[in-house]
Amino acid sequence: MATVEDVLLPDIGDFSDVEVIEILVAPGDRVEAEESLLTLESDKASMEIPSPITGVVKTLEVAVGDRIGQGSLLATIDTGGDDTRAAASGDPAPDADSPPPPAPAPSPPSSTPVATESPQAAVADTKSLEVRLPDIGDFSDIPVIEILVTPGDIVDLDQSILTLESDKATMEIPCPAAGTVESIAVKVGDKLNQDDLLMTLLSTADAEPSPDAKSDAKSDAKSDTSTADQQDRAAQRDAAQDPSTPKPEGLTRAPGESEQRKAPVLPRPADMAAIAQGRLPHASPAVRRFARELGVDLNQVKGSGRKGRILKDDVQAHVKRMLSSGATAAPAGAALPFQLPPAPPQDFTKFGEVETLALSRIKRISGAHLHRSWLSVPHVTQFDEADITELEAFRKEQKAAAEQAGVKLTFMPFLLKAVAGALEKMPNLRSSLAADGEHLIVKHYMHIGVAVDTPNGLVVPVLRDVDKKGIFDLAGELMSLSTKARDGKLLPGDMQGGVFSVSSLGGIGGTAFTPIVNAPEVAILGVSRSDVKPVWNGDNFIPRTMLPLSLSYDHRVVDGAEAARFTHLLATLLGDMRRLLL
C-alpha cells in the first residue's frame, strides 16, 4: 500500500526563520535517502537539507523566500509501501481511501495436505546495504590508496575494506556489517569525504516469515487475511501518518511498509563555524566543493548572487580571469604574506645523468605546511645548555626497573615532564595566536607532540596530558606511538591537539639546529646530542654531561627575554627534577 510521509525540518541549531534560497526537487521527482531537497541560508552560511527517506515527491510545502524553523513541513513523499510487493504478486494495490474488502467465504476442508511451517521458523532475508565513509575527523578529499576487497568477496564485521591516506597517516576503513560485496563504488586515486558511497553489500539477516510472505512463496493465490486484521493494519497505518497520534512503544510496522526514519540532519561543522565567526566565503557546499576541485580560493572570488553569494558561474569566471592574466589559481589556504617569485627551472641533464623520484605523500604535505610556517611565522631561535649529569645517572639506575615494567627508559620521558613543568609556569608558550591577530588563545591542557623519523618522512604524534602521567607511562606511550608511526598506522587524532612540540636529534648527532615552529603552535624545542664538557665550578673544571637546547618561537607571541627565561627554567628542572615537586 502507498504510504505518504511528511518531511519536516530537523534541528539545525539555535536558529529560526531560516530563509529558503533554493529548491532542488519538484513534485513527481524520485529522491533517495540523504539526497538534498532544498538549500537554506542563515547569516553567512548555507546548508542543504537532505531527504530522510526514499520515494517520490508528492507535494512541496515551501517556496523560495519562505522563512522556516524546526518542525516546519517541507514536503510530502510517497514511499511506495506495499506497491512493489502487490505488483509482483499480480494483484492491484488497494486504494488507501477504499473500504477493506469483505472477508472471503470459508472454503470447505480440502483433503490435499498443505505443508506448514512453525511460526518460530526463520528465513534468510538478503538485503542490499550501502557502505559509506564514516566520520574520520576534520579532513576532506582523502585519497584512496588501496582497495582490499573485490565484488563477490565475503566480508566479516569490522574487516578492512580499503585504505585511505590523510595528511601524515594511513587508515583502514572497516566494514560495518557482514555479507557479500555486491559492487565497489570507488577506485584507487579517488578522493573521498564523509558519507561518500564506498560499496554496496548483500547482508543476510534472519527474519520471521509473515503469513503473506509464506503464501506468496508457495503459490500465486491471495493471502487469506481476515477483515479484522486488515482494519487493524489500516488503523496502524493511519496512526503512523498522523503526526498528532501518539505512537505506543513497541508498535511494529505492517508487513511490506518501509521503516519510518527521522531526519538525521544537523548543520555541517564548517557551516556552524561560519555562522559563529563569519570567516567562510558566502557559498553553498556544492560551490565550495566545485572550487576545491579547481583549486580556487573562494576568499578571492566576488559573488554575484543575492547578498553577495558566490555562484558556480563566479568560480568559473574567476578561473578564466586568472588564466587570461597568466596567473594560476592558488590552492585554498595556501595564500602567503609574500608574493615571492618562483625559482627558475633548471635542466640538470646537461651536467650528467639524473633520476626523478616522486616525493612521498607525507613529505609533500609536511613540506607545504613547513614552507607556510617558515614564511608566515617570524622565527627566532634561543640556544642554551642543560646540565643533565645527575639525571642521566638516575635514568641508568632505573633501567632495570623499567625493563621489569615492560618499557624502555630513554631520556625523552624525563624531557617531556620537564617541558610540561616549564609550560605550566609559562603559559604563553602553550598558546596560539587567534585568526584576527589580536587575541591569544591559552590552552589549559598539556598535550605535547614528539617528532618521529619514519621511512616516509617526519610525523609528529601527540602525547596527551603529559603533566598527569608518570615516567614509565610516558615511556610506554612513546614506544607505542613510535611503532605506529613507523608502520604508517597513526590515525588523524593521534597527531592533533598539541600545544608544544619537541624534536630530538640526540640519537643522530649535531650540536644545535633551528627547528621550524609547528603552527598554530608558537614554540618548538630542538634537542641535540649530549656531550661531556669541562665546566668551571668556581675552583676548578669538572666533567659534566651537557645537553644542547634550541628553542624556536613565534616572535609575535613570545619575546626574546621570555624565551631565555623558558630555556633557563627548563635547564634548571633538568638539572634537578626534584624541583618539579615544589
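Is glutamate 385 buried, partly exposed or exposed? In this predicted model, glutamate 385 counts as partly exposed, because its relative accessibility is 33%, and buried would require under 20%. Its salt-bridge partner is lysine 533, with the closest N and O atoms 2.5 Å apart.

Arginine 67 and glutamate 19 form one of them, with 3.9 Å between the closest N and O atoms. Arginine 67 sits in strand 7 (residues 67-68) and glutamate 19 in strand 2 (residues 18-23), so this bridge ties together parts that are 48 residues apart in sequence.

Elsewhere, the bridges join up into a network that links Asp387, Glu390 and Arg544.

Glutamate 521 sits in the loop between strand 24 (500-504) and strand 25 (523-527). This glutamate is buried but has no salt bridge. The nearest side chain of opposite charge belongs to lysine 443, and that is 6.4 Å away, whereas a salt bridge needs the nitrogen within 4 Å of a carboxyl oxygen. What does the side chain of glutamate 521 make a polar contact with? That would be the side chain of serine 501, at 2.8 Å. Setting aside neighbours within four places in sequence, the residues in contact with glutamate 521 are Ser431, Ser432, Gly498, Val499, Phe500 and Ser501.

A pair of aromatic rings is described by the distance of the centres and the angle of the planes. The count of aromatic pairs here is three. Take phenylalanine 394 and phenylalanine 414: their centres are 6.2 Å apart and their planes stand at 80°, so the pair is edge-to-face. Phenylalanine 394 comes from helix 8 (residues 389-397) and phenylalanine 414 from helix 10 (residues 412-425), 20 residues apart. Phenylalanine 394 is partly exposed, at 40% relative accessible area, while phenylalanine 414 is buried, at 4%.

Phenylalanine 500 itself pairs with phenylalanine 566; the centres lie 5.8 Å apart with the planes at 45°, so this pair is tilted. Phenylalanine 500 is in strand 24 and phenylalanine 566 in helix 12 (residues 560-575), so the pair links distant parts of the chain, 66 residues apart. Both of these phenylalanines are buried.

Which residue lies over the face of phenylalanine 290? Lysine 312 does, at 4.9 Å from the ring centre.

Methods. Residues numbered from 1 in each chain as written. Predicted model: local features only at pLDDT ≥ 70, side-chain atom pairs only at ≥ 80, totals over all residues. Heavy atoms only, no water. Helix = DSSP H or I, 4+ residues; strand = E, 2+ residues; numbered from the N terminus. Buried < 20%, exposed > 50% of the residue type's maximum accessible area, 1.4 Å probe, protein only. Lys, Arg positive; Asp, Glu negative; His and termini not counted. Polar contact = N/O pair within 3.5 Å; in protein donor to acceptor, adjacent residues only side chain to side chain. Contact = heavy atoms within 4.5 Å. Phe/Tyr/Trp six-rings, centres within 6.5 Å; stacked < 30°, edge-to-face > 60°. Lys NZ or Arg CZ within 6 Å of the ring centre and 35° of its normal.
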